[in-house]
Amino acid sequence: MLRSKMIWLCVGCETCTTRCPRGIELAKVMDALRETSVKKKVKPGDPSISTFHQTFLNSVERLGRVHEVSMLAEYKLRSRQLFTDLLLGAKMFLKGKLALIPEVIKGRREIKEIFKKTRTD
Amino acid sequence: MARVGVFVCWCGSNIAKTVDVEKVAEAVSKMPSVVYATHYKYMCSEPGQNLIKDAIKEHRLDRVVVASCSPRLHEPTFQRCISEAGLNPYMLEMANIREQCSWVHDDKESATKKAIELTAMAVAKARRNEPLFHQEIPITKHALVIGGGVAGIQAALDIADAGYKVTLVERTPSIGGRMAQYDKTFPTLDCAACILTPKMVDCASHPNIRILTYSEVEEVKGFVGNFDVTIRKRARSVDMSKCTGCGVCWEKCPVKLPSEFDEGLGQRRAIYVPFPQAVPNVPVIDRQHCRWFTEGKCKACEKLCPAGAIAYDQEDELVNEKFGAIVVATGFNLWDYSAYGNFGYGKYPDVISSLQFERLINASGPTEGKLVRPSDHKVPKKVVFVSCVGSRDDEHGYPYCSKVCCMYNAKHALLLKEKVPDAEAYVFYMDIRANGKGYEEFVRRAIEKYGATYIRGRVSKIFEVGDKLLVRGADTLLGKPVEIEADMVVLAAAMEPQPDAKDLARKLSISTDEYNWFSEAHPKLRPVEVLTSGIFLAGACQYPKDIPDSVAQASGAASKVIGLFSKDNLISEPTVAEVDEDTCTGCLLCKEVCPFSAIESKTIYDKNGQPIKVVSTVNEGLCHGCGTCVAACRSSSIQLKGFKDNQLLAEVDALAYAE
Amino acid sequence: MKYAYYPGCSLHSTARDYDLSTTAVCEELGIELVEIPDWNCCGATSAHALDKEISIALPLRNLAIAESMGLDVVAPCAACFNRMKSAHNAVMQDAELLSRMTARIGKPYSGKVRILPLLAVIDELGADVIQPHVKRPLSNLKVAPYYGCLLIRPPETVQFDDPEDPQSLDRLVAALGADTVKWPFKNECCGAGLSISKPEMVVKLTHDILSMAKRCGANSMVTACPLCQANLDLRQADVEKIYGEKLGLPAFYFTQLMGLAFDIPSSHLGLDKMMVSPAALLAEAGVRGV
C-alpha cells in the first residue's frame, strides 16, 4: 500500500469522503498513508508527484510563499522533465502570468520555525 | 397470630443426600409462628400432599411453607393442594433447597445450614403473606386489524375463520396494500394480484369480517379485552349501498392527477378506484382535487351515474367500537431516494424506484405492462439495477438492510429479460442476500439462465448525457471502475416505516425503535406481540419483510388473538402492583416508568364532587408485576402484592440475624 | 462590508487576472478588502499530502493574523479557503492540537473569525444587490458553471452550497443575465495540482469536462478556483491537440463575468491574460469588443 502509485495519484478531491456510506474520510486516509510512507522512507510509487510536493514545500519554507517560477525550475531539474511545457511557460510569461521576482514575506523566520518544529517533533 | 406449617422434602436422595432434612425440620420448628414442622420423602406425591392437607386441618394452619424444589416446578402443585384444604393459594411460600442448595453444594454441614436459613427466610415472608384473589376481566371477542395489506388480510381471515368477529380498517380506498402494486412475486413468479385477490374477496365475503376502507383509527382507549376505539370513516362521497362499480364516473371525470398506486407514473381521476381489482369496488372522490369541491363546477359523475350513488354531501362518520384485541399491520413506505445527490436528486425521469418498475411491468400499470422509459416511452435495452439505495448507508440513509431488495433485483432482471429478450440487465450489488426457501436458486436462475450481469460494487454517480444515463460504479472483483451507458436505472430504495407510524404508536401506547418500526416484545421469542397486552404485530410495520414472512407473522398474530378470545374472561395474576391512595402524592413517576402502560392517574373527589387529590391507579389487566414502579416510588405507596417491601425485608432480616 | 483578504500565492502570479477582477468587482460593490499583512502560503495540496501538522500550522498563521485584525476572512481561491477552513475545524475540535499549533506559529487563535470563499460573499449578497450593477447583461453567453472540488467538498467541512448539485455560480450567472447550461460535470475533478507532475492525467480529466460542457451547449466556462481555471484554460490547447477536438471555450473567473456585466474596463479584469481568448465570443455575443 505504501509503495503504491494510488496514494500519490490521489489529488484530494474529496469525492470519496462525500459519498462514503460509512462516513470514512478516505482522503484523510490517503494523506496519512502518504505521510507514513515518507516517514518510513518508502520509495514513492510515483516519484514525480512526491518530488513536486516536496519542491512546493521547499519554496514555502524558503520564502513564506510559493514562487512559481523558481519552484517549477527546481521541479523540472529534480524530475528531469526539462523540456515539457516550455512553450506553455513562455506563453504564460508573455501574458504576465509568471512573476520573475519572488515575494518574500517578512515573517519568513516564523515559517522556517514552523517547518523546523515539525521536523524535530 | 400466624400459624405456619413447614414441610421439608427429601426429594428421594436429591435433597437428602446433601442436606440433613430432619435437622432442618427440627431447627425450623423452633422458629416463631411455626406451630408444626415435618419432613417427608416426596412432598409433591399424593401421600405427601395429603400430609399437608391433614396437617392444615389438624393444626389449624393458616399458611404453609414447603422447603423443596424450585417453585417454577411445583408452586402451582402446592398452591392447588392448600386451596383444596381451604386456604387461599397465595398463603404458600416455597424455599428452594434443591436447585439452589443441595444440587449445587457438596459439604453436608454448610448445605444444611444454608437450607435452614433459606427456610427461615421463607417462613419470615410467609408470616406476612396475605390472601390474594384473581380478577376476571371480560373480553370483547371482536378483533381490530389496522391495515389492509396482505398481512392484515391474512390475520383477519385467520381470526374470522376461528369464529370471531373482525373489523379490518384500511386508510386507502381499497384493501390490498403493497402486494397489489407488485407484478410478480419471488421466487415462484406468481402474479401478485392473482394470488392476492382471492384472499381479498374472501375477506369481503366473510361473514365475520367487516371491512372499513378509506378509514383511519382516530383514538384508542382502554386495555386488553376492552379496547375502546374511535374510527373515522372518511366521506367517500359515494353511497356504497347504491354503487355498482360500473366505472362510468371515473371514465368521464375531467380531472387527471398522478396516481399514488402507480407511484406517480400513471394518472387517476378525482373520482377513482386505486386499481381495477379494488375491494370494495366503490370509488371515492378526492375532495382536494374534485372540481365540484374546489370550484363548484362539473358534477359530471352525478349526472352520469346510473345508480344515483354520488353523494357530495356525505360527511365523515365517527364509529366507536369495543375490541378485545388489535393487530397492527400498517406496512411500510419506500425511502425517498431523491436525497441522493449523486443519483440526480430525483430529477432524472428514467431513474426510478423499484416500486415504479413494478408498476411499469404490470399489466394493470400506467403502460399496460409495456416496459418503456418514462421520458420518451422508448423500450429500454440496457437497464441498471442498483442495490442498497438508502439501506446499509449510515451517512445518507438507514444503517439496516431492507431484506427484500436482493431478491426483487434478481426478479426484475429476470422479468426484464422475459419482456425484452434482447435487453441487458446489470445489477450492482454489495452482497446477495437470498436466504429464503428457493431464493438462492432463484438468483442463480436470473444470472445463469436469464443472463443478468452482476457487478460487485457501488454506484458512484448517475448522470444524463443526451438521452442516455451514464452509470459510473466500481467492479471490486475485477478492481476496475465501470461505466455503463444505460437507458433506465432502477434504484432499490430502502424500506422505511410509514410516515405516521409514530403517531399510531402513540395512539396505541406501543413503542417504536429508533427508525420508527414498531417494537416487538422480544426480538427472538415474542416477535408478534408488543409489550402492551392485547396488541399484536403483523407484517412489514415491524421491520422489512417479504411476503412469506408477513403472512406467517400475520397467522402468528392471529393465533395469539384466537388464544386470547378462547377464554371468556382474562384471569389476571393477582401479584400485581397496588397503590396506597392515602400515602400516594400523585407525582405519577410510576406512570412514566411503567413499561406496560398499566398505570394511570385518578382523581379522588369528596362527597360534594370537589377534587381532593390526584393519585395513581393500576390497571390489573395490563400490569405484569415487574416492580419497576415500586422501585420508582418515592413514598413507597405502590407495592407489589405478594412481594411487598415488608415481606422482602423480613426475608433479609431472617438471613441477617440467623446464627 | 469589510473583510480580511487572503489572495493566496497563485493570485499574485498565474491567477493575477482573478486578483485584478476581484479587486475591481469588490470596489464596485462596496466590499472593502484589507489584505492580511504578511500572509504566508496556506500549503495548498502539497502540505496536507506530506505533513498533517504543517498543513494546519501554515493556514492557521494567516487565520491568527486575521483574528487580530478583527475581520472575517475571504479567500477567492477554493484550495486556500478549504485549507483554512479545515485547519480551523481541526484545532477547534481538538484542544490539545490547538495549543500545540498556536505554540508552533507563535500566535494565539480562538476561532472567532468566519472563513468564507469569495463566491459565498457574493452569493450572500443575492441577485437583488447584484442586478442594479449590471449595465450590460451577458445575454448570448451560454455558460457552463464549473465548481470543481474543494469549494464544495467535503460538505461537513466547507458548509457551502451542495456537493452534488451546487447552485451558487448558477444563481450568479443568471443574475448577470447569461444562460447557464445544465450539465452533469459541474463538480468533477480537473486533476488540480497534478497539472505539473502528471499533465497527461489532467489533460484527460480536463478534456472530459470541457467536451461535456460543449456537448451540453456551452460556449464558455466559469470557475471559482485558480487551479480549475488554469487547467481549463492553459491546458485547453493540449486537450484540443491530443483529442483532435475543437473546443474554443474561454474559461472565465466569476469575477471577470461580473466585471463584464458591470461594464468594468477589460484592463481591470485581466481578460488579456486568458490563454483561450474570449475576444471573439464576447464580440459575437455583443458583450463587448475586447
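Predicted model: local features only at pLDDT ≥ 70, side-chain atom pairs only at ≥ 80, totals over all residues.
Trainee: Let's start with chain A, then. At what angle do α4 and α5 of chain A pack?

Mentor: Helix α4 (residues 47–63) and helix α5 (residues 68–79) of chain A pack at an angle of about 145°, and their axes are 9 Å apart. The crossing of α4(A) past α5(A) is right-handed.

Trainee: And which residues in α4(A) and α5(A) meet?

Mentor: On the α4(A) side they are S48(A), T51(A), F52(A), T55(A), F56(A), N58(A), S59(A) and R62(A), and these meet S70(A), M71(A), E74(A), Y75(A) and R78(A) in α5(A).

Trainee: Which residues form the nonpolar patch on the surface?

Mentor: That patch is formed by L77(A), L82(A), F83(A) and L86(A), which together have about 460 Å² of accessible area. One of them, L86(A), is found in helix α6 (residues 86–94) of chain A, and L86(A) counts as partly exposed because its relative accessibility is 49%.

Trainee: Changing topic: how many salt bridges does the structure hold?

Mentor: Over all chains the structure holds 73 salt bridges. In chain B, for instance, E93(B) forms a salt bridge with K125(B), and their closest N and O atoms are 3.0 Å apart. That pair links distant parts of the chain, since E93(B) is in strand β4 (residues 92–96) of chain B and K125(B) is in helix α5 (residues 108–126) of chain B, 32 residues apart.

Trainee: Are E93(B) and K125(B) buried or exposed?

Mentor: E93(B) counts as buried because its relative accessibility is 14%, and K125(B) is buried as well, with a relative accessible area of 3%.

Trainee: What about K184(B), which residue does it form a salt bridge with?

Mentor: K184(B) forms a salt bridge with D183(B), and the closest N and O atoms of this pair are 3.8 Å apart. K184(B) counts as partly exposed at 27% relative accessibility, whereas D183(B) counts as buried at 6%.

Trainee: Moving to chain C, where do D38(C) and R61(C) lie?

Mentor: Their side chains meet in a salt bridge, at 3.6 Å from N to O. D38(C) lies in the loop between β2 (32–35) and α2 (44–50) of chain C, while R61(C) lies in helix α3 (residues 52–69) of chain C, so the pair ties together parts that are 23 residues apart in sequence. D38(C) counts as partly exposed at 21% relative accessibility, but R61(C) counts as buried at 1%. Salt bridges that share partners also join E110(A), D38(C), R61(C) and K107(C) into one network.

Trainee: Now the backbone. Which residues does a cis peptide bond join?

Mentor: In chain B, one such bond joins F186(B) and P187(B), with omega of about -5°, and P187(B) lies in the loop between β8 (184–185) and β9 (190–191) of chain B. Another cis peptide bond joins V279(B) and P280(B), with omega of about 0°, and P280(B) is found in the loop between β15 (271–272) and β16 (284–285) of chain B.

Trainee: And what is phi of R392(B) and of A192(C)?

Mentor: For R392(B), a residue other than glycine, phi is positive and near 55°, and R392(B) lies in the loop between β21 (382–389) and α12 (405–419) of chain B. For A192(C), also a residue other than glycine, phi is positive and near 45°; A192(C) lies in the loop between β6 (179–180) and α10 (194–197) of chain C.

How values were computed. Residues numbered from 1 in each chain as written. Chains lettered and ligands numbered in written order. Heavy atoms only, no water. Patch = residues over 30% accessible without salt bridge, like charges linked within 9 Å, V, L, I, M, F, W, Y side chains within 5 Å. Areas by Shrake-Rupley, 256 points an atom, 1.4 Å probe, with all protein chains shown as cover. Salt bridge = Lys/Arg side-chain N within 4 Å of Asp/Glu carboxyl O. Helix = DSSP H or I, 4+ residues; strand = E, 2+ residues; numbered from the N terminus. Buried < 20%, exposed > 50% of the residue type's maximum accessible area, 1.4 Å probe, protein only. Axes fitted to C-alpha atoms, helices over the stretch in contact; angles between N-to-C directions. Left-handed = near helix turned anticlockwise from the far one by under 90°. Contact = heavy atoms within 4.5 Å.
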